[in-house]
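Here is a short briefing on one protein model. Look over the sequence and the 3D view before reading on.

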Amino acid sequence: MMDLKDLVRPNIWELKPYSSARDEFHGSASVFLDANENPYNEPYNRYPDPLQWELKDRIAELKDVDRNSIFLGNGSDEPIDLVIRAFCDPAVDCIVSITPTYGMYEVAANVNDVEFRKVTLTPDFELDADKLLAEVDEWVKIIFLCSPNNPTGNSLNRDEIYKILNNFEGIVILDEAYIDFSEEPSFLPELKKFPNLIILQTLSKAWGAAGIRLGMAFASPEIVAILNKIKYPYNVNVLTQERALDILNNETEMLRQLRSIMSERIRLQAALPELSVVNKMYPTDANFILVDVGKADSVYNKLVKKGVIVRNRNNVTLCHGCLRITVGTPEENDALLKALKSI
Ligand code: PMP
């Protein structure tokens, strides 16, 4: 990996961050008159902990990582944007990623005026590391990968991911939003070996909390310190911190839901290929299944008329004719199968 100082934008490296009241004093006291808060309406009158330590301690325990290697944000979308802002000079630096993949990487690059180069996956949605590395030049600061990948559902080949980690001098972001649904292990235990690796996970999928917006980035303490420097001071609100802690303290419930989703995934994987409307079903390591139905727009519209909404991926690279179907409750999946059967 290049020296972090040479990778980070010079203005960000030099940046003196905003220092909030809660940064300047943390600890217990009987009288807090330092943040211009209203003294009434406890506890929501108070600003949240800017670095979310209670929550990070629980995540550190769950994930077996150092608390200083955790960054928390307003969904994964926040660290996606912050990493681009930290490392890529607008109109100068570049990002390389795969296609198809999660659309926010490209949108965040465009918002920041950063060129986004896309390398098409193989027809079976596999990553070709050499092809991707061939797009790298001195301006490429970040490579975005997603495994299990959205919308394809498959995990990327681990050896190809290692090849990129071992051969790219910049930052590699590996988005593991769907890792809890996968047979493949997370790359989290590899963090110490690869100082250029940033792993994204989220409470929005297996933890069932998309509504509270909590995204996690795991990286070296040095990278986390840079993200902390540029984030909004109070980026994760009190309600989210409280609720996230409750949810993370009830791992049993998450595992119960995960078991149900996994067994429903197996049921759908058996039922979908039997339907005349389905031409092909792709393997999945996530909580969704990509199916080729041929005339995807027409099938999508017919499903909408029956009150069943899936994601139409007809216009996405390599996904022509495909719908992406999220695994729901047993009743929801019954409704989906019934609707597809009658098309
Ligand atoms: N990463 C991937 C691969 C996703 O598919 C999604 C949501 N569809 C996200 C991140 C967004 O996660 P969050 O809700 O934490 O912003």
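In which sense do strand β9 and β11 pair, and over how many bridges? Strand β9 (residues 288-292) pairs with β11 in the antiparallel sense, over 5 bridges. Keep in mind that this is a predicted model.

**Strand β11 and its partners**
- Asp292 has Cys322 as its bridge partner in β11.
- Strand β10 (residues 311-312) also pairs with β11 in the antiparallel sense, over 2 bridges.
- Here Asn312 has Leu323 as its bridge partner in β11.

**Cysteines**
- A disulfide is a covalent bond between the sulfur atoms of two cysteines.
- The disulfide count for this model is 0.
- Cys319 is in no disulfide, and its nearest cysteine sulfur, that of Cys322, is 5.2 Å away.
- Cys319 is buried, with a relative accessible area of 0%.
- Cys322 is buried too, with a relative accessible area of 0%.

**Cavity**
- A search of the whole structure turns up 1 cavity of 30 Å³ or more.
- The largest cavity has a volume of about 60 Å³.
- Its lining residues include Ser147, Arg158, Leu174, Glu184 and Phe187.
- By type, the lining of the largest cavity holds 6 nonpolar, 2 polar and 3 charged residues.

How values were computed:
Residues are numbered from 1 along each chain as its sequence is written. This is a predicted model: local features need pLDDT of at least 70, side-chain atom pairs count only at pLDDT 80 or more; totals for chains, interfaces and linings use all residues. Side-chain values use heavy atoms; hydrogens and water are left out. On a 1 Å grid over the protein atoms alone, a cavity is a set of points where a 1.4 Å probe fits but cannot get out, and a pocket is an open set with protein on both sides within 12 Å along at least five of seven lines; lining residues have an atom within 4 Å of a point. Grid points are joined across faces, edges and corners, and a volume is the space filled by probe spheres set on the points. Ala, Val, Leu, Ile, Met, Phe, Trp, Tyr, Cys and Pro count as nonpolar, Asp, Glu, Lys and Arg as charged, and the others, Gly among them, as polar. A disulfide is a pair of cysteine sulfur atoms within 2.5 Å. Buried means under 20% relative accessible area, exposed over 50%, partly exposed in between (1.4 Å probe, protein chains only). Two strands pair if DSSP finds at least two bridges between them. Helices (H or I, at least four residues) and strands (E, at least two) are DSSP runs, numbered from the N terminus.
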